[in-house]
Amino acid sequence: MSQEVLKYLQDNQQRLQDKLFEFLAIPSVSTDSAHKQDIHKAADFITTYLQDIGFENIEKQETGGHPLVYAEYNGADSEAPTVLFYGHYDVQPADPLELWDSDPFKPEIRNERIFARGSSDDKGQVFMHLAVFEAYMKTEGKLPLNVKVCIEGEEEIGSENLYKVLHEKKEQFQADFAVISDSGMVEKNQPTILYGLKGFTGIEITVNGPDHDLHSGMYGGAIRNPLMALSHILSSMKNEEEVVTVEGFYDGVEPLSDEERELIDQVKGEDYVQATGVPETVSEKGYSAKEHTMARPTFEVNGMYGGYQGEGTKTIIPSSATAKITCRLVPGQDPERVQQLLEEHVKNVAPAGVKVEVKKEKLSAKAYKVDPDHALIKKAAASYTKAFGKETVYVRMGGSIPVVEWMEAIYQMPIVLLGFGTPDDRLHSPNESFPLDSFHKGMETLAYYWNEVNDK
């Protein structure tokens, strides 16, 4: 790669920042139908930018929901690989607005950070790729490799229509590998290779007792209390050592090797006590908090409700109680099988006197993991280090990105997660922001990486 690419990014720093701000100012909230026109405006912004860069076969494809932007660049050398770049232009709602220190859709810089909804997730990171493509085309007249672009508008609502599109248009999206920048680093300016993601599944348990709330003095001792029954069910599913006690839950789970434990131990990681305000951390017996979060399955009760919630006391036996449960999964666990095991356990331990219903979460995904020694991963790590001036660390993440698992399942290609966000970005929260360092050094990383990938 000629130094002209980096020089172009430096010389056009203000113009590119202004263009990013134009993108961030579009309130492309995918969950709210009131922003339908804004969704199309954001898709049109990307379409126009890709045209200006010099991409071909640019389409704003209908999906049955919000449009997907697709484009191709096929002007690289004949032996150059093809990459599928994925991102999303939709954002979370900005509510509650009163908790923002500035307008979420009027980007501004404070304390060396860009404050705006979508600055980190995912508009800022999407824009970085487009800017680097522009820099290559304006200086060298071509990109180092062939590129297919897939930028959707439904990630924040579960990519409702993307799986069908990827499956039906398999040939169109096929590539040698994929790159996704919708993740982050373990801390600011610490280059981080994310080589694994957890899967996801869940259930909702509803315990029904009497057909209406009852006076606890008149019926207590004769009628099973649904809230108590639900509590017994939940307490039977995980013990105080954070071990899930559902039979078969750990079947197929890949053991955590000594090599991986060493990789995880090398990561500075988050100070959980300081960051969350808890008195101490707890994790699965035999594993550290970092190991459990990154590489072991989890079982969490996300919500539990029933009965009287108001001020003071209301002496009732509630008619029903509900709990929402999600599990983060690791390689070797199948989401549907885990749901089945949870349902069987609930029904086996359900006490007499109540009826128990189990509703299965529709959105599930398998875990993803790529070999950290894969050549594409090693080149990504080298590019990170060159741009940020620090050795790259390797981590697995406790979160889930369903599209990663879908791409692996449909296309059987390696996926490189090149993320530049930080733990302080406040994703999905008021005052979302993105460090200027991540913006500029991230583009430098991408410029190095595209060149490295095509370097034989």
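Author: Let us take helix 4 as the part to study, and begin with its partner helix 3, which covers residues 36–53 and packs against helix 4 at an angle of about 20 degrees, the two axes being 9 Å apart. Here helices are DSSP runs of H or I with at least four residues, strands are runs of E with at least two, and both are numbered from the N terminus; an axis is a line fitted to C-alpha atoms over the stretch in contact, and angles between N-to-C directions run from 0 to 180 degrees. Helix 3 and helix 4 are therefore roughly parallel to each other (under 35 degrees is roughly parallel, over 145 roughly antiparallel, 65 to 115 roughly perpendicular, the rest oblique).

This is a predicted model, in which local features need pLDDT of at least 70 and side-chain atom pairs count only at pLDDT 80 or more, while totals for chains, interfaces and linings use all residues. Residues are numbered from 1 along each chain as its sequence is written, and side-chain values use heavy atoms, without hydrogens and water.

In the contact (heavy atoms within 4.5 Å), helix 3 contributes Phe45, Ile46, Tyr49, Leu50, Asp52 and Ile53, and these meet Phe127, Leu130, Ala131, Phe133, Glu134, Met137 and Lys138 of helix 4. Sorted by class, the residues of this contact of helix 3 with helix 4 are 10 nonpolar, no polar and 3 charged (Ala, Val, Leu, Ile, Met, Phe, Trp, Tyr, Cys and Pro are nonpolar, Asp, Glu, Lys and Arg charged, the others, Gly among them, polar).

Another partner is helix 1, residues 3–11, which packs against helix 4, residues 123–139, at about 120 degrees, with 9 Å between their axes. That angle makes helix 1 oblique to helix 4. On the side of helix 1 the contact is made by Glu4, Val5, Tyr8 and Leu9, and on the side of helix 4 by Ala131, Val132, Glu134, Ala135, Tyr136, Lys138 and Thr139. The contact of helix 1 with helix 4 divides into 7 nonpolar, 1 polar and 3 charged residues.

Now follow helix 4 to helix 15, which spans residues 436–453: the two axes come within 9 Å and cross at roughly 55 degrees. Helix 4 and helix 15 are therefore oblique to each other. In helix 4, the residues Phe127, Met128, His129, Ala131, Val132, Phe133 and Tyr136 take part, and in helix 15 they meet Ser438, Phe439, Gly442, Met443, Leu446, Ala447, Trp450 and Asn451. This contact of helix 4 with helix 15 holds 11 nonpolar residues and 4 polar ones, with no charged residue.

Most peptide bonds are trans. The model has another cis bond, from Asp95 to Pro96, with omega near -5 degrees, and Pro96 is placed in the loop between strand 3 (82–88) and strand 4 (108–110).
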